[in-house]
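Let's take a friendly walk through a structure together. Keep the sequence and the 3D view open as you read.

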Amino acid sequence: MDFVQDLREAFTGRFGDKLRIEAADFSKCGCHLDITASGTDIEAAASVVDGLGFTLEAISGVDWPAEEAMELVYDFNKMAEGGRIAIRVRVSREKPELPSISKIFGGANWHEREAHDMFGFVFSGHPDLTPLLLPENATFHPLRKDFSA
Amino acid sequence: MSLDAKSIQGETFVVNMGPQHPATHGVLRIKLTLDGECIMNAEPVIGYSHRMQEKMAENRTYSQYFPNTGRIDYAGAMIYNFGYACAVERLAGISVPERAEYIRVITSELSRIASHLLWFGPFIIDLGGLTPLLYAFDDREIILDLLESISGARLTYSYFRFGGVYNDIDDDFIAGCRTFIPRMRERLILFRRLVTDNIIFRKRVEGIGIIGPELCRKYGATGPVLRGSGIDYDVRKNEPYSIYPLFEFDIPVFKECDSLARYHVRMEEMNQSLRIIEQALDKLPSGPVMAEKVPRNLKPPKGECYFNVEGARGSFGIRIISDGTEIPYRLKLRTPCFANLSLFEEASRGMLLADSLALLGSLDLCVPDVDR
Amino acid sequence: MMEFLSSEPMRLLVSLVGIITFVALNAAYLSLLERKESAWFQRRLGPIEVGPLGLLQPIADGIKLAGKQIILPEGVDKILFKISPVMISVPVIMNLATIPFSETIVARDIHLGLLMILSFTSFNVMGIMLGGWASRNKYSVISAARVVAQNVAYEIPMFLITIALVMVTHTFDLRETVLLQSGGFWNWNLFNFGASPLMPAACLMFFLCLLAETNRSPFDMMEAESELIAGAITEYSGMGFGLFFISEYANIVVGSCLMTILFLGGWNCPFGLFPGLHWFLIKMYCIIFVVIWIRWSFPRIQFYGLLNLSWKIMIPLSLAHLLLTCVMVKIW
């Protein structure tokens with residue numbers, strides 16, 4: 001698929017070899033490219049992806065207590081060609097901070113608020129990180145593995 | 001609140017629409033900052049229907065989670081069953097027999113028509129026409145009766161299983177579908193004469209609620225919202241799943257970006273769904289409806305996968321992370337209404353109150369789908 | 001004894017009681033007619049439980065409304081809140097005092113009957129506006145503002161059309177207006193092309209003004225249910241709401257009576273045979289049937305569409321009608 005090639009070129013152009021880009025089997029895992037980035041690079045990666053005409057589908061948070069990390073999976077989709085990529089970002093469990101991409105993709109606003117609600121990610125630069133789904137005064141993060149009601 | 005002369009001159013005031021309101025279909029609250037009748041800012045406040053579906057997935061086995069999927073978007077529940085079943089089947093490498101695939105497609109398309117009829121009634125009610133609801137529900141009753149005869153439920157189905165469907169369809173169901181298709185085609189013509197060609201209706205929706213394609217892309221809007229803005233994207237055609245490639249159907253796309261375009265997309269989609277059902281009934285093979293040797297307590301291999309299907313409201317995606325046990329490690333539900341509603345704030349700036357309701361109605365929200 | 005019974009005060013008393021009964025029964029049974037009619041249009045049955053065919057339903061509704069607690073929300077303007085239902089319902093009942101149902105059945109035949117009816121119609125707006133304002137509810141205020149704009153906009157074409165008609169009939173007296181239309185239906189003002197070729201258009205515009213003045217769909221900005229819940233009357237409960245309800249239907253009755261008298265020949269038969277009360281009632285109820293029919297068939301018009309229709313289309317047309325009538329009356 002051409003967008004794979006364009007994407008690889010755009011990423012290597014912007015980041016060199018910093019990101020780990022792997023081709024993935026669509027029929028097994030539902031995306032064409034699996035990219036691992038660090039928290040500081042996500043904003044730049046998102047703007048590269050935006051420039052190529054992708055849309056943001058979802059931002060999923062995952063809690064890996066065994067590895068002392070929390071992961072965010074950004075799903076992007078190029079609708080015209082049916083191409084999907086997933087960008088993974090890992091941050092530490094104690095200080096899960098990373099920049100927000102809500103200025104690049106307006107839809108990330110609500111996805112990031114939800115991730116903050118459920119896991120406790122702190123997105124710097126987010127205009128309004130108040131609880132979206134949980135009550136306004138909630139201080140707990142339900143989807144963490146060590147949460148018990 | 002004291003409405004003295006000072007506070008009326010040129011100041012904006014905040015009105016709450018909902019959470020109990022006839023027009024916000026579900027428990028949705030919108031904080032409107034109005035200047036007279038003009039909306040300065042409309043901020044949706046969600047979370048009133050939040051049930052932590054994603055956490056529930058981490059407390060149940062894969063099979064036990066099926067009923068939950070029917071309750072996320074209850075209006076087009078069969079399709080959400082479809083998405084979950086396909087996601088787990090992709091992860092576990094289970095293949096589905098042909099007859100089951102055909103049954104899945106037929107019931108999903110019936111569910112899609114039922115969902116669009118459910119949207120149609122309240123949309124016209126929002127605009128003030130109270131009668132088309134009853135006509136639409138007349139047809140919806142037939143679909144619900146058909147689906148009840150094979151699955152046992154009218155609204156929230158748990159009809160699919162990993163590897164197929166749990167109950168075969170019988171001749172009554174097929175005969176019922178065959179009588180339903182021409183009847184529905186006539187009814188769609190009736191709806192066009194009654195509603196679509198009505199001049200008052202057209203004035204309410206034509207040119208109202210413009211959502212441009214760039215706005216859709218930034219917010220991840222999918223479904224009729226996207227196709228009403230001129231972008232040709234339907235998961236059934238662009239990322240085909242199941243046996244959709246075997247059927248001939250069109251994807252209605254309208255370029256006007258207004259509420260009328262989204263309305264036309266949904267009305268035409270009902271027509272196309274009828275086409276698919278007809279073709280599926282013609283080609284329906286015989287055979288088993290469940291794959292063999294699918295364990296009751298399914299333990300998919302360790303790994304991660306994403307699967308999305310075309311729900312009635314947009315692209316419904318599931319990301320499953322499995323750690324090899326019978327309980328999912330993480331289940332992320334990417335629901336279409338969440339993304340569709342997130343663009344309401346930007347799209348409704350500067351609109352009149354009545355027009356914003358036409359926009360909200362044309363987004364076709366199911367609030368439990370937003371909140372999960 | 002007979003002199004006492006047929007004396008003026010007695011006649012007045014009887015007619016007043018008759019009118020109030022007429023209004024109350026009409027309001028009650030029009031609500032039933034509306035529910036039944038809407039049900040038939042929507043493929044369902046409507047009220048069938050209470051009484052045979054649901055005929056006692058309005059009585060049950062009335063008893064329910066009378067027994068409800070009248071809630072005064074905290075912070076409302078008490079005087080205005082209590083006055084506004086009264087302000088709406090009383091002028092309507094007074095209007096019916098001048099309407100001639102047949103040649104002999106009229107409570108008070110006033111020479112300026114038409115003028116009186118038109119002026120009392122304006123009370124409707126004030127009542128709703130005060131009720132909406134006094135309710136201390138932002139939705140009610142929005143609705144009150146809409147109602148004022150709408151009613152003012154639609155009063156103007158109505159008045160212009162009636163002025164044009166008065167120019168033709170030379171009288172404000174409603175009874176004489178009908179007497180001038182006696183004979184067959186070709187004498188009705190609807191077909192009075194000698195006065196102005198735009199007469200049927202004027203009748204249609206009058207009908208639209210009737211819909212707008214009584215806040216009926218598609219002009220029901222006041223209680224645009226899916227936007228403002230119940231609009232200006234959200235905060236009213238019990239009999240306060242009941243009074244609004246009654247006055248809405250009574251307004252429709254008055255408006256239909258007026259349209260029958262002015263355009264459709266009042267109590268005259270279409271073929272001049274047996275004029276009388278029955279023809280008046282038939283025509284009036286036909287118009288009411290159409291009013292209810294329209295409510296359940298069409299969506300609501302937008303606010304600016306509504307105002308556009310009045311200011312940009314109906315007022316120029318009615319002015320043209322007025323001018324044409326002037327010219328034609330002058331010529332012959």
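## Which chains meet?

Chain A and chain C do not touch, and their nearest C-alpha atoms are 25 Å apart. Please keep in mind that what you see is a predicted model. There are 2 pairs of chains that touch, and the pair made by chains A and B has the most contacts.

## Where chain A meets chain B

Start with chain A: 24 of its residues are in contact with 31 residues of chain B. On the side of chain A that touches chain B, the elements giving two or more residues are helix 2 (26–29), strand 3 (55–64), strand 4 (69–78) and helix 4 (108–119) of chain A. Which of chain A's elements gives the most to this side? That is strand 3 of chain A, with 6 residues. Sorted by class, this side of chain A has 14 nonpolar, 7 polar and 3 charged residues.

## Where chain B meets chain C

Now turn to the other contact, which takes 25 residues from chain B and 23 residues from chain C. On the side of chain B that touches chain C, at least two residues each come from strand 1 (13–17), helix 5 (98–127), helix 6 (132–151), helix 8 (199–205) and helix 15 (353–362) of chain B. By class, that side of chain B divides into 16 nonpolar, 4 polar and 5 charged residues.

## Two domains in chain B

The domain assignment of chain B gives domain 1 (1–50) and domain 2 (51–363). Their C-alpha centres lie 31 Å apart. How many residues of each domain are in contact with the other? In chain B, 12 residues of domain 1 are in contact with 16 residues of domain 2. Strand 3 of chain B supplies the largest share of the domain 1 side, 6 residues. That side of domain 1 of chain B divides into 6 nonpolar, 4 polar and 2 charged residues.

Look next for an open sheet of 3 strands in chain B, in the order 1-2-3 with antiparallel pairing. Its edge strands are strand 1 and strand 3 (38–45) of chain B, and each pairs on one side only. Neighbouring strands of this sheet are turned by 20° against each other on average, with direction ignored.

Strand 1 and strand 2 (residues 29–35) of chain B pair over 5 bridges in the antiparallel sense. To find one such pairing in the view, pick B:V14, whose bridge partner in strand 2 of chain B is B:T33. As a general rule, strands of a sheet pair through backbone hydrogen bonds, either parallel or antiparallel.

## The nonpolar core

The largest nonpolar core has 230 residues, and those with the most contacts inside it are A:I87, B:A87, B:V88 and C:F206. Helix 5 of chain B gives the most to this core, with 16 residues. From chain B, domain 1 and domain 2 each provide at least three residues of the core.

Zoom in on B:V88. Leaving aside neighbours within four places in sequence, B:V88 is in contact with B:Y62, B:F162, B:L298, B:P300 and B:I320.

## One glycine to look up

Finally, find B:G176 in helix 7 (residues 171–196) of chain B. Why does B:G176 count as partly exposed? B:G176 has 19 C-beta neighbours inside 10 Å, and a residue is called buried if it has 20 or more. The C-alpha atoms of B:G176 and B:F13 are separated by 54 Å, and these two residues are 163 residues apart along the chain.

Note on methods
Residues are numbered from 1 along each chain as its sequence is written. Chains are lettered from A and ligands numbered from 1 in the order in which they are written. This is a predicted model: local features need pLDDT of at least 70, side-chain atom pairs count only at pLDDT 80 or more; totals for chains, interfaces and linings use all residues. Two residues are in contact if their C-beta atoms, placed from the backbone, lie within 7 Å. Helices (H or I, at least four residues) and strands (E, at least two) are DSSP runs, numbered from the N terminus. Ala, Val, Leu, Ile, Met, Phe, Trp, Tyr, Cys and Pro count as nonpolar, Asp, Glu, Lys and Arg as charged, and the others, Gly among them, as polar. A nonpolar core is a set of buried Ala, Val, Leu, Ile, Met, Phe, Trp, Tyr and Cys residues joined through C-beta atoms within 7 Å. A residue is buried if 20 or more other C-beta atoms lie within 10 Å of its own, exposed if 12 or fewer, and partly exposed in between; C-beta atoms are placed from the backbone. Domain bounds come from an automatic or database domain assignment. Two strands pair if DSSP finds at least two bridges between them. Axes are lines fitted to C-alpha atoms, for helices over the stretch in contact, and angles run from 0 to 180 degrees between N-to-C directions.
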